[in-house]
Amino acid sequence: MISDPATSLTSAVLAPAVDDDQLLHVSLGPQHPSTHGVFRMNVVLDGETVVRLKPVFGYLHRNHEKIAEGTSYLASMPYTDRLDYICPLSNNWAYARAVEKLAGIEVPERAEFIRVILAELTRLINHTAFAGFILGDMGAWGSALMYAFREREKILDLFEELTGARMMANFMRFGGCRNDLPDGWSAKVSKLVDEYGPFLDEMEKFLVGNEILLSRTLNVGSLPKEVLINGGITGPMLRAAGVPYDIRKVDPYGIYERFDFRIPLGATGDCYDRIMIRFLEMRESLKILHQALDQLPDGSFIHPKAKIRNFKPPLGEAYARIEGPKGELGFHLISDGSTRPYRYRIRPPSFINLTLIEDMCLGLDLADVVVILGSIDIVLGEVDR
Amino acid sequence: MEPSADIKRLPAPARWSIPGIGLLKGMVVTAQNMIQSYYRKERMTTVQYPEERAPISPNFRNFPFLCYDGEDPKAGLRCTACTICETECPPQCIYIVLERDANGKSLKRPKVFDIDVSVCMNCGICAEVCPFDSIYMDGEYELSKQDRFNGLLFHLDRLAKSADYHMKLRPKEAGEVAARRKVEVDKKRAVQAAKDAKAQTDKDMAKPEPTTKGEPA
Amino acid sequence: MTAEHLTPEDRQSPDSLSPPDRESPDSLASPDRESPDSLAAAVLARLRTAFPRAGVSLRTNPGPAVQHSLLVSPADLCDVCRFLRDTPDLAFDFLSNVSGVDWPDPSKADAVAAPADEQGTPAAAAGFLEVIYHLYSTRRRIGPLVLRVRTADRLSGVQIPSVVAVFRSAEFQEREIFDLYGVEFTGHPDLRRILMWDEFQDHPMRKDYVAPDDYEYEPTPHAAVLEKAQRHYVQP
């Protein structure tokens with residue numbers, strides 16, 4: 001049997017940085033509700049102040065990349081659902097896009113629309129659940145999360161009707177999607193999109209003016225823009241700090257160029273901005289959804305020559321990325337011309353967004369660490385892969 | 001141009017004008033939700049399982065089953081043990097042994113067809129790649145078992161389900177499949193009939209020759 | 001956002017996010033997003049002038065993605081990265097992805113990234129490990145610029161200088177490659193295993209890695225699985 005990673009890592013990680021008996025070493029996690037899964041931080045405290053913080057990974061490591069290198073290209077598709085299990089359809093899209101780039105496959109227009117609709121619904125799911133989780137991290141365990149999950153459930157029902165599974169969708173295919181929209185599905189999405197705005201209003205009313213939220217998030221965990229870019233931080237985290245970097249705009253993929261939407265920006269990049277930026281992004285997602293549903297064309301949902309079995313991309317490599325709800329989700333694939341990828345690499349936004357967590361937390365209180373971790377919005381399925 | 005920020009912050013004194021007002025506003029939302037949960041349908045989102053069940057959509061997929069035509073699960077099984085699903089299955093949870101007769105000739109049906117549903121991840125790729133309309137995803141979901149190892153290893157007898165079951169589960173998909181299969185069977189029959197007819201005419205052609213020869217005699 | 005939190009003057013027109021004016025008139029002035037090949041070649045020309053003696057060569061990608069790459073010698077990697085980041089008209093300030101690749105068969109590596117010009121070094125005799133960097137520019141909105149660095153071999157000569165001092169985003173990714181491939185990044189501030197546990201011996205992403213057979217009993221009667229399980233759990 002494998003030895004326990006928890007015990008074996010302790011000695012190496014907790015080697016005292018400062019020889020001071022007054023410092024308190026706290027192992028935060030891995031079984032802790034505020035660490036969003038099995039994530040651990042070794043925190044060294046001086047009183048209540050963080051003087052050192054080392055994240056510990058790998059509790060959910062299953063070497064997805066190795067598994068993918070041993071199976072066909074299609075067989076990795078259901079595994080990508082399990083990376084960031086809050087938003088499986090974005091992962092599907094990122095992987096499908098990388099393979100399409102690798103093999104030079106065209107995607108029909110209708111499939112692109114379906115993908116945009118699903119990706120934006122996924123963004124709604126992610127940001128809604130985020131709002132629930134971050135409030136849970138701040139101690140408002142219950143109502144906020146339940147309201148968020150109630151709305152998320154409505155979208156998941158739609159996903160189930162379309163893909164057959166609420167979360168593990170396995171829906172995108174190289175060159176399109178697995179099946180067409182069921183009858184009446186887009187009407188249901190339209191209804192949901194219409195009802196989502198009032199829900200967001202309600203949710204904002206619920207938390208925006210809340211004094212506890214304000215005092216726990218304002219001016220907590222902000223870093224300069226340049227540091228964030230250099231640290232590879234992407235997604236709402238980066239935009240909250242005022243960097244207009246959204247791959248949907250700066251490196252448009254799919255058919256995002258056709259839609260009219262804005263990239264909301266924050267000012268300081270503290271936890272408050274990171275929460276609020278997600279609400280603004282949801283509003284923009286609703287705009288995109290309205291447009292996509294209005295313009296949804298008829299046609300094929302998959303390229304007629306798309307191959308399911310025995311798919312062999314030509315020799316070469318490709319790196320493709322999309323703006324996932326958590327940040328830049330990239331797939332780097334190398335093909336040696338066989339049915340299996342020679343190299344299959346994921347650029348997971350949650351994992352790389354954690355790079356700067358120590359810098360964000362130093363000098364703050366332990367309670368702030370929990371809020372900062374919550375505001376980064378990680379999913380351990382993707383961090384540990 | 002430096003883009004302007006979208007998130008507006010009220011300056012601190014304004015924020016704190018009436019301490020606790022934000023909290024109260026939030027509590028109003030909670031109270032509204034609670035009260036509305038008694039009479040507004042969209043607030044009543046839970047069902048009392050297992051007495052009540054939420055309807056499942058026809059597309060819902062759980063574990064695979066094998067489809068057979070007619071009454072007899074063994075004779076009518078569509079599966080030809082081609083092992084395409086076994087090869088394509090991402091977690092490798094399918095195990096197939098081809099049945100052979102005494103001379104080692106393939107009978108084109110599985111002797112063993114096992115699916116380990118403790119490993120299966122409900123992806124539906126087996127159903128997607130099957131060229132014989134044989135394997136489909138089931139909608140059954142109450143499958144807990146006491147025996148973790150053998151209870152969750154489904155054998156052929158457990159997996160085989162009739163085409164009627166499929167029709168009930170997913171009328172649209174099953175209807176299309178049935179129509180297509182009917183066309184194929186009809187075509188096959190027609191080809192067979194044509195072959196038979198041709199053989200017959202060939203026979204007839206071959207036969208009359210001596211008779212024609214004999215006729216003048 | 002509700003209206004009370006968003007003043008009208010905060011709203012910007014959607015086209016205010018269009019790329020900023022590209023100022024320099026050289027070959028990089030209007031790099032085409034759809035053809036990164038011109039990007040790699042143009043950057044190579046700049047690098048050749050800036051570092052006449054640096055070991056940088058163009059590698060072409062035979063696939064439809066046409067993401068050509070630059071093979072950089074390990075000794076020059078940090079200088080090249082710093083140059084790419086700090087030169088204002090290049091401004092590759094964002095290291096998106098770092099991938100490790102194991103090439104036990106060097107001819108395969110040269111098939112995927114074919115030498116393009118006379119400076120392309122011939123294939124190494126032994127296999128090697130490769131680290132691939134994908135750089136983007138957030139300001140100029142171009143990329144990816146693909147850099148590849150190769151180790152001397154797969155056994156002892158697995159050192160590559162770390163770029164953490166230039167791009168902080170490489171910190172965890174280099175640790176991951178160290179963990180899964182065994183590339184030693186010299187100068188990395190905290191080079192430890194990251195996904196596997198510290199006592200773990202091998203590097204699981206290498207192509208010749210042999211998986212252990214000590215997993216739990218699995219009822220799927222696959223011949224190979226059963227055989228392995230029987231070998232491991234010797235029946236009394």
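User: In this predicted model, over how many bridges do β3(B) and strand β5 of chain B pair?

Analyst: Strand β5 of chain B covers residues 153–154, and β3(B) runs alongside this strand in the antiparallel sense. Within this pairing, D116(B) stands opposite L153(B) of β5(B). The pairing of β3(B) with β5(B) extends over 2 bridges.

User: Which residue in the turn of the hairpin formed by β2(B) and β3(B) has a positive phi?

Analyst: Strand β2 (residues 94–100) and strand β3 (residues 106–116) of chain B pair in the antiparallel sense over 6 bridges, and in this pairing I94(B) has I115(B) of β3(B) as its bridge partner. The hairpin that β2(B) and β3(B) form leaves 5 residues between the strands. The turn residue with a positive phi, of about 80°, is G104(B).

User: How much area do chain C and chain A bury between them?

Analyst: The contact involves 61 residues of chain C and 69 residues of chain A. Of the area buried between chain C and chain A, 56% lies on carbon and sulfur atoms. The total comes to about 5,600 Å².

User: Which element of chain C gives the most to the side that touches chain A?

Analyst: Between chain C and chain A there are 27 residue pairs in polar contact, with both residues at pLDDT 80 or more. On the side of chain C that touches chain A, at least two residues each come from β3 (94–103), α3 (106–112), β5 (128–137) and α4 (170–181). With 9 residues, the element that gives the most is β3(C).

Note on methods:
Residues are numbered from 1 along each chain as its sequence is written. Chains are lettered from A and ligands numbered from 1 in the order in which they are written. This is a predicted model: local features need pLDDT of at least 70, side-chain atom pairs count only at pLDDT 80 or more; totals for chains, interfaces and linings use all residues. Side-chain values use heavy atoms; hydrogens and water are left out. Contact means heavy atoms within 4.5 Å. Buried area is the accessible area (1.4 Å probe) that two parts lose on being put together, summed over both. A polar contact is a pair of N or O atoms within 3.5 Å; within protein, one must be able to donate a hydrogen and the other to accept it, and residues adjacent in sequence count only if both atoms are side-chain atoms. Helices (H or I, at least four residues) and strands (E, at least two) are DSSP runs, numbered from the N terminus. Two strands pair if DSSP finds at least two bridges between them.
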